[in-house]
Amino acid sequence: MILNLDTPVSLLPTVGKKKAELLAGLSISTISDLLTYYPRGYQDRSKLTPISDLKGKGRETVAGQSIRHIRFGKVKRAIISDGRGVANLMFFGGDPAKLLPIGAKVIVTGKAKRMAGKIFFSNFEYEVLKEELNSHLKIVPLYRLSGDFGRFGQRLFRKIIASAIDLYKEKLEDSIPLEVAEQMELISLSEAISNIHFPENWKKRKEARERIVFTELFLLQTALTINRCRTKIIHKNRLYSKRDGGELLESLPFSLTKSQERVILEIENDLSSPHPMNRLLHGDVGSGKTVVALWAGFKVASSGFQVAIMAPTEILADQHYLVAKRWLAPLGIEVGILRGGLPLSQQKKAKELIASGQIQVVIGTHSLISEDVKFSNLALCIIDEQHKFGVSQRQKLIEKVSGPADCLIMTATPIPRTLSLTLYGDMDVSTLNELPKGRGRIITAVRSDKNLPKIYSFIKEEIKKEKQAYFVYPAIEDSKERDYKSAIKHFEKVSLEFSETPVGLLHGRLKPEEKEEMMQRFAKGEIKILVSTTVIEVGIDVPQATIMVIEDAEKFGLSGLHQLRGRIGRGGFDSYCILITKEKIAQISSSNIRVELEEQDRVSVERIQAIKSITNGFELAEYDLKLRGAGELFGLRQHGLSELKLANIIWDTRLLFKARAVAAVLVADDPFLNKEAHLPLRDTIIRIFGKKMDLGFIR
Ligand code: ADP
Ligand code: MG
C-alpha cells in the first residue's frame with residue numbers, strides 16, 4: 001500500500017474507525033486535510049510560574065502534584081501543590097479523583113483567580129505528566145474542535161496530528177519550484193508543517209506561518225496569473241485604427257475626470273494590442289463608467305466591428321441606449337437596442353439589423369444572449385454591473401464573437417485592492433477612483449422615528465421644488481419571524497402622509513415588467529416618491545431624486561447602504577441620505593459618546609458611523625472587510641479564496657504582493673508550466689483550482 005497525502009486518516013495507527021468518523025465531522029478525511037488543519041492558537045507552556053507568584057492577569061502555566069480532592073455539591077476540586085503554594089482546580093464535570101489521583105504530576109495552563117486568599121483555576125487546560133517535566137514545556141497548539149470531537153479534546157487531537165507529522169513529513173511533496181524557494185529563503189515544507197503545529201519557539205512558528213501563507217498565496221496567484229496571461233498569447237487579428245475617439249470626447253458636455261482619462265488610455269492600449277482585452281472596470285457608483293464604455297464602443301464600431309453592451313435590467317439598457325444614441329449617432333454610429341420588453345416585431349427587426357451588421361453598437365439585456373441573436377462581426381463585449389450576471393451568461397455573449405473577443409466587464413461593487421487582486425486576479429483591472437466634479441454634496445444624517453414628522457415636511461418642501469425621494473425598507477412584507485419594517489406596509493403610511501403626491505411601490509416580488517414600469521415612471525417624474533426595497537440598488541440615473549430615506553437602516557449591510565446612497569446625488573443638486581434607526585443607535589451614532597452596548601447594537605453603531613463619515617466606496621469596502629472578515633463578503637466560498645486556510649487576505653498583504661510578483665515572473669518565463677522544474681507546481685495547481693477556474697489549457 002502506498003502511503004501518500006491522500007491516504008485516509010483511518011489508516012493512521014492513532015485513528016480507528018470511530019475516531020475517523022469524528023474527524024470526518026471536522027471535514028478531515030485524508031492525511032493532507034489533517035496536516036492542513038492548522039491551530040487556531042497556541043498555549044505557551046514554555047515558562048513555568050511558581051504557584052505563589054501567580055499574577056492572575058493573563059494565562060499562566062504552573063506544574064504541581066495532586067494532594068487532595070474536595071467535593072462541594074456538583075463542583076469538585078483537586079488541590080495541587082508545587083511545594084511553594086497550592087492551587088484549586090475546579091471540575092464542573094468529570095471526577096478529579098479519577099483524572100488526577102493523589103500524587104499525579106500535572107501541568108496546568110489558565111487564568112488564575114484569587115478569592116479569599118486562595119488560588120482557583122476554573123477555566124484551564126491540564127495534562128498529566130507521564131514523562132520528565134521538561135518534555136512538556138513547550139508551545140502547545142490549540143485546535144478548533146467542535147461537535148463530538150470536543151469531548152475527546154485537544155490532547156487526543158494533538159496526538160493524532162503528531163503521529164501524522166511523524167509518518168508523513170518526509171513525504172510532503174513541495175510544489176514550490178526551487179528557484180522561488182531560494183529567492184524567498186523559504187524554510188522546508190516539512191519544517192514548516194512541524195513548526196506550525198508544534199513550534200520549537202515563537203521565531204520558528206513565525207517562519208513556519210510565513211512559509212505556509214506564502215505557499216497558499218503563491219499557488220492561487222500563479223493560477224490566476226496563468227489565466228490572465230493566457231489571453232496575452234492569443235492573437236486577435238483585428239485592428240481598430242480608423243478613429244481615435246477624440247471626436248466623441250470633444251462632443252461631450254463635460255470634460256473627463258483624471259481617472260476616466262487614465263482608464264481610457266488603459267483600454268486604448270488593450271484595444272490596439274494584438275491580443276484580446278480582458279479587463280475589469282471597477283468604479284464606484286456614479287464614477288462615470290458609461291462614458292468610458294461608450295468610448296471603447298465608439299473606437300471599435302468606427303473601425304467597422306460590432307459592439308454589444310449587456311445590462312442587467314430593461315430600464316438600465318434603455319438608459320444606456322438613450323445616452324449612446326445621443327452621443328454616438330451624431331458621429332455616424334448606428335445604435336440599436338434589443339430587450340425582451342419591446343414588441344416582438346421591433347425585436348425581430350432589431351435582430352435582422354444586428355445580423356446584417358447595420359446596427360454597430362447594440363445595447364440590450366439577457367435577450368442578447370438568446371440563440372437566435374446572430375451578429376455579423378461582433379468584436380467587443382461590454383458587460384455592465386457584471387455581478388448581476390452568471391459566468392455562463394457572460395460566456396454566452398462572448399461566444400458570439402468569432403475568434404477571440406475583447407471584453408470589458410464593469411462593476412460598481414467597490415472592492416479593496418488586496419481583495420480584487422485575488423478575486424479578479426485573472427483579469428487586468430482598471431479603477432475609477434474619483435467622482436466627476438460639479439456633483440452636489442450628499443449629506444448623510446442619522447435620525448430616529450420620532451424625527452419622521454420633520455423629515456416629512458422637509459420632503460414636502462423639496463417636492464415643491466420638483467425634487468423626488470426614495471423610501472427604502474429592509475423587508476417586502478411584515479412577517480412574524482422578523483421585526484423588520486416593510487415596504488408594503490409603509491407604502492400605505494407614506495401614501496397617506498403625502499396624499500397630494502403620486503407615490504409608487506417597488507419590490508422584488510413584482511413581475512419584471514411591473515418593476516420596469518414603476519422605475520420608468522419614477523425616472524420620468526410621474527411618480528415623486530418611490531417606496532421600495534433594495535431592488536433599486538442597480539443603477540439608473542434620476543438626477544431629480546435627491547432624497548433617500550432608509551428606514552431600519554441598521555438592518556442593512558454597509559455595501560448595501562452605500563449602493564443605495566449612490567442612487568442620489570447624480571445631478572448637480574445637494575442631496576440627502578437620511579438613515580432612520582432605533583432611537584438609541586441614532587443618538588449614539590450622532591454624538592460619539594461612549595456607552596456600553598450589546599454586541600448587536602455596537603456593530604450597528606459602528607456601521608452607521610462608518611457610512612456617515614466615509615463617502616468613498618473603496619474606503620468603505622476596506623472598512624467593511626476589516627469589520628467582517630473576508631469570508632463573509634460577496635459569497636466567496638465558490639472562489640479560489642476558500643483554498644486559503646492560513647493566509648488572511650486582509651492582513652497578509654505584504655506576502656500577497658510578493659506572491660503575485662513572483663508568480664508573474666515565473667509565468668512570463670513559462671506560461672504553461674511545461675518546464676521539468678515546474679511540473680509539480682502545475683500538478684498541484686490543477687488539483688486545487690482545476691475545478692474552480694478554467695485552467696483546462698495547461699493540461
Ligand atoms: P456609473 O459609474 O455609476 O455607471 P454613470 O456612467 O452612470 O456612472 O455616470 C453618472 C453620471 O455622471 C451620468 O449622468 C454621466 O453623464 C455623468 N458623468 C460621467 N462622467 C462625467 C464627468 N467627467 N463630468 C461630469 N459628469 C459626468
Ligand atoms: Mg452604471
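**Exercise 1.** Find which of the 16 residues around ligand 1 come nearest.

*Solution.* Start with the shell, where a residue is near if one of its heavy atoms lies within 4 Å of the molecule. G286, K289, T290, R439 and D541 come nearest. Before going on, note that this is a predicted model, where local features need pLDDT of at least 70, side-chain atom pairs count only at pLDDT 80 or more, and totals for chains, interfaces and linings use all residues. Residues are numbered from 1 along each chain as its sequence is written, chains are lettered from A and ligands numbered from 1 in written order, and side-chain values use heavy atoms, leaving out hydrogens and water.

**Exercise 2.** Work out which polar atoms of S255, S287 and R570 face ligand 1.

*Solution.* Look for polar contacts (pairs of N or O atoms within 3.5 Å). First, a polar backbone atom of S255 is 3.0 Å from a nitrogen atom of the ligand. Next, a polar backbone atom of S287 is 3.4 Å from a ligand oxygen atom. Finally, R570 places a polar side-chain atom 3.2 Å from an oxygen atom of ligand 1.

**Exercise 3.** Give the distance between the C-alpha centres of domain 2 and domain 3.

*Solution.* Take domain 2 as 246-274 + 288-411 and domain 3 as 442-633, bounds from an automatic or database domain assignment. Their C-alpha centres lie 32 Å apart. The contact (heavy atoms within 4.5 Å) takes 10 residues from domain 2 and 7 residues from domain 3.

Notes:
Polar contact = N/O pair within 3.5 Å; in protein donor to acceptor, adjacent residues only side chain to side chain.
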